[in-house]
Amino acid sequence: MSTLAGSKILVTGASGRIGSVTTRRLRAAGAWVTALSINDDPSLEADRVLVGDTRSQDDVAEALEGADAVVHLAALAHRDIAPPFDVYSTNVVSTFNVLAQAGALGIRRAVVAGSINACGLPQNVHEVRPAYVPYDTHLPVDIADWYSLSKHQDESTARMAWRHWGIDVVTLRFPHVNSEESLRDQSLRLAEDPRSGLLEGWSYLTTEDAARSVELSLTASTTGAHAFFLAADRTLAPYRTEDLFDAFAPEVTRTRRFVGREVPIDLTPARELIGFRAEHEIDLPTLDLPSGL
C-alpha cells in the first residue's frame with residue numbers, strides 16, 4: 001500500500017496538463033485529493049473540487065482545510081501566455097500565498113512545479129548559451145524575461161517558507177512536459193530544426209512521469225527546500241548529443257562527454273533526493289546529424 005493512503009492532499013492547477021494526471025495518480029495511491037482549479041472542469045477525478053484563484057487568500061484557505069500536504073502546480077506557464085505583469089504577478093503571488101498559508105497551518109510538505117526556465121536560458125530574449133553542460137543546479141543564471149524571473153523567484157519563496165515555517169519543499173524544474181503523442185510530434189519538429197531545442201537541452205518528460213515525480217516528492221524522506229532538474233534520460237532529438245553541440249554550440253564547455261542521445265542535464269539530484277528516473281521515453285532512432293541543418 002502507498003504511504004500516501006489516507007493522506008489529504010491539495011493539488012492546485014488541477015485541471016492543467018500535469019495537474020489532471022497528478023490528481024488521478026494520487027487518488028489511485030489512496031490519497032484523499034482536493035483539486036483547486038481556476039476553471040470548472042467536470043472531468044477532474046478528485047474527492048473535492050473547488051473553483052478558485054491561487055492568488056486569493058480566501059480561496060487557498062478553503063482549499064487547504066484539513067490538508068496534510070500540498071502540490072502547487074497552478075501557474076501561467078509561458079512568457080507569452082499573458083501580459084508580462086500578469087505572468088509574473090500571478091506566479092509569484094500564487095506560490096507565496098500557497099506556501100505561506102500551508103506553512104502557517106503546520107503542513108509539513110509541499111511540492112512545487114518549477115521550470116528549467118529558472119536558469120533563464122530557454123525563453124531568454126537574447127542569443128545566449130549555457131556557461132557549461134550538463135546543466136546542473138549551480139549553472140549561472142541569465143534571466144531576461146518575466147516568466148523565468150517568476151520561476152526563479154518561486155525557488156526563493158520555497159527556501160523562505162522552509163526557513164520560516166519549517167515546511168519541506170521540493171521544487172521540480174520540469175522541462176517540456178506533454179503527452180506521448182504530442183512529444184512524438186515535437187520530436188519530428190526537432191528532427192527538422194534541432195537548433196530550436198538547444199537551450200532546453202532537447203529535454204522532455206511525459207505527463208505520466210511528471211505526475212510520478214510529484215508522488216515520489218511527496219513520499220521521499222528529503223527535508224529542507226530543494227530545487228533540481230529532471231528529464232528523460234535521452235533527448236527528444238534523433239541525433240547524438242555530442243554532434244548537436246559540435247554543430248550548434250561548439251563554444252560551450254562540456255564538463256564530460258555524452259553517450260549517444262544522452263540528455264545534457266545532471267539528473268543526479270532527482271535520483272538521490274526523490275528516487276526518480278523517467279519510465280516513459282519516446283522511442284527514437286539515433287541518426288547521423290545531416291550536414292545541411
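**A pocket, a parallel sheet and its helices**

In this predicted model, strand β10 provides the largest share of the lining of the second largest pocket, namely five residues. The pocket itself has a volume of about 200 Å³. Its lining counts 16 residues, of which Thr137, Glu155, Arg159, Arg173 and Ala227 are the closest to the centre. Besides β10 (225–229), helices α4 and α8 (268–274) each supply at least two residues of this lining. By residue class, the lining of the second largest pocket divides into ten nonpolar, three polar and three charged residues.

Seven strands form an open sheet in the order β3-β2-β1-β4-β5-β7-β10, and their pairing is parallel. At the edges stand β3 (48–51) and β10, each of which pairs on one side only. From one strand to the next, the twist averages 15°. In general terms, the strands of a sheet are paired through backbone hydrogen bonds, in either a parallel or an antiparallel manner. Within the present sheet, β1 (residues 8–12) and β2 (residues 32–37) are joined in the parallel sense by five bridges. Here Lys8 is found opposite Trp32 of β2.

Helix α1 (residues 17–28) lies across β1, β2, β4 (69–72) and β7 (168–174), and runs at about 170° to β1.

Helix α3 spans residues 84–104 and includes Ser94. Because its relative accessibility is 1%, Ser94 counts as buried, the cut-off for that class being under 20%. Leaving out residues up to four places away in sequence, Ser94 touches Thr54, Arg55, His72 and Ser89.

A further residue of interest is Trp165, which belongs to helix α4 (residues 146–165). With a relative accessibility of 27%, Trp165 counts as partly exposed, because this value falls between the 20% limit for buried residues and the 50% limit for exposed ones. Apart from neighbours within four places in sequence, Trp165 is in contact with Leu99, Ala100, Gly103, Ala104, Arg108 and Met160. From C-alpha to C-alpha, Trp165 and Leu149 are 24 Å apart in space, with a separation of 16 residues in sequence.

Technical notes. Residues numbered from 1 in each chain as written. Predicted model: local features only at pLDDT ≥ 70, side-chain atom pairs only at ≥ 80, totals over all residues. Heavy atoms only, no water. Helix = DSSP H or I, 4+ residues; strand = E, 2+ residues; numbered from the N terminus. Buried < 20%, exposed > 50% of the residue type's maximum accessible area, 1.4 Å probe, protein only. Contact = heavy atoms within 4.5 Å. 1 Å grid on protein atoms, 1.4 Å probe; cavity = no way out; pocket = protein on both sides within 12 Å on 5 of 7 lines; lining within 4 Å. Points joined across faces, edges and corners; volume = space filled by probe spheres on them. Nonpolar A, V, L, I, M, F, W, Y, C, P; charged D, E, K, R; others polar. Pairing = 2+ DSSP bridges. Axes fitted to C-alpha atoms, helices over the stretch in contact; angles between N-to-C directions.
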